[in-house]
Amino acid sequence: HGWIGTERGYYFTNSSGHSWSLIVLNYPPFFAHDMYFFNAQTGFVCSSQNIYKTTNSGSTYTNIYNHNSNERISSLKFIDQNTGWACGSHRLIIKTTNAGINWNLISMDSIQNECHDFIESADFANENVGYYAGQRFCGGIWGTSFQQLLKKTTDGGMTWNNVNIYT
């Protein structure tokens, strides 16, 4: 099985990519920034400030989380069926330990900060070790300058350290 997110929904395959079907979602505005499926039935999709869950291969979705801010959720990663993280703009990092029933804020930059991180993608090796890639914007909301970032956590996302990507 496979899924690829688009602005209107996502493409789904159950033939190892030999054929694809477009699944149009009526949850405007919907752009599947990232998707994570445990199996052919159960998965999550992040779109703007929301996280949706499906238990029927994407035929229907339930909105299980709304961030209630302008921060976009751009990345989802689970290490097992209970523990996962969602990340996004202004260094937004939220975590679930109960399969998405509850999400807890781990960190987020203040919108008033001179500089803020936009997390484009995150991945976790286990409950403690994870990485995120993104950009740091300085000089306003979208910034007048930016730099590429790669950061690592060894405490489940509570603190992050730079990884030198320019050697």
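Trainee: Where does serine 16 lie?

Mentor: Serine 16 sits in the loop between S2 and strand S3 (21-24). Keep in mind throughout that this is a predicted model. Serine 16 is not a glycine, yet its phi is positive, at about 55°.

Trainee: Is serine 16 buried or exposed?

Mentor: Serine 16 has a relative accessible area of 71%, so it is exposed. Compare alanine 99, in the loop between S10 and strand S11 (104-107). Alanine 99 also has a positive phi, of about 60°, although it is not a glycine. Its relative accessibility, however, is 16%, so alanine 99 counts as buried.

Trainee: Which strands form the open sheet of four, and in what order?

Mentor: Again, the general idea first. Backbone hydrogen bonds pair the strands of a sheet, in either a parallel or an antiparallel way. Here the order is S12-S13-S14-S15, and the pairing is antiparallel. S12 and strand S15 (161-162) are the edge strands, each pairing on one side only. Between S12 and strand S13 (residues 130-138) there are nine bridges, in the antiparallel sense. To locate this pairing in the view, find cysteine 115, which stands opposite cysteine 138 in S13.

Trainee: How many disulfides does the chain have?

Mentor: The count is zero. To judge a pair of cysteines, look at the distance between their sulfur atoms, because a disulfide needs them within 2.5 Å. Take cysteine 46: the closest cysteine sulfur is in cysteine 87, 9.4 Å away, so the two are too far apart for a bond. Both residues are enclosed: cysteine 46 counts as buried at 0% relative accessibility, and cysteine 87 counts as buried, also at 0%.

Trainee: How many salt bridges does a search of the whole structure find?

Mentor: The search finds one. It joins the side chains of aspartate 123 and lysine 77, with 3.3 Å from N to O. The pair links distant parts of the chain, 46 residues apart: aspartate 123 belongs to strand S12 (residues 115-124) and lysine 77 to strand S8 (residues 73-78).

Trainee: What is the relative accessible area of aspartate 123, and what is the relative accessibility of lysine 77?

Mentor: Aspartate 123 has 41%, so it is partly exposed. Lysine 77 has 19% and counts as buried, because the limit for buried is under 20%.

Trainee: Which residues make the nonpolar surface patch?

Mentor: The patch is made by Ile4, Tyr11, Trp20, Leu22 and Val24, and covers about 430 Å². One of its members, tyrosine 11, lies in strand S2 (residues 9-13).

Technical notes. Residues are numbered from 1 along each chain as its sequence is written. This is a predicted model: local features need pLDDT of at least 70, side-chain atom pairs count only at pLDDT 80 or more; totals for chains, interfaces and linings use all residues. Side-chain values use heavy atoms; hydrogens and water are left out. A salt bridge is a side-chain nitrogen of Lys or Arg within 4 Å of a carboxyl oxygen of Asp or Glu. Helices (H or I, at least four residues) and strands (E, at least two) are DSSP runs, numbered from the N terminus. Buried means under 20% relative accessible area, exposed over 50%, partly exposed in between (1.4 Å probe, protein chains only). Patches are made of residues with over 30% relative accessible area and no salt bridge: like charges are joined within 9 Å, nonpolar side chains (Val, Leu, Ile, Met, Phe, Trp, Tyr) within 5 Å. Accessible areas come from the Shrake-Rupley method with a 1.4 Å probe; for residues, only the protein chains shown count as cover. Two strands pair if DSSP finds at least two bridges between them.
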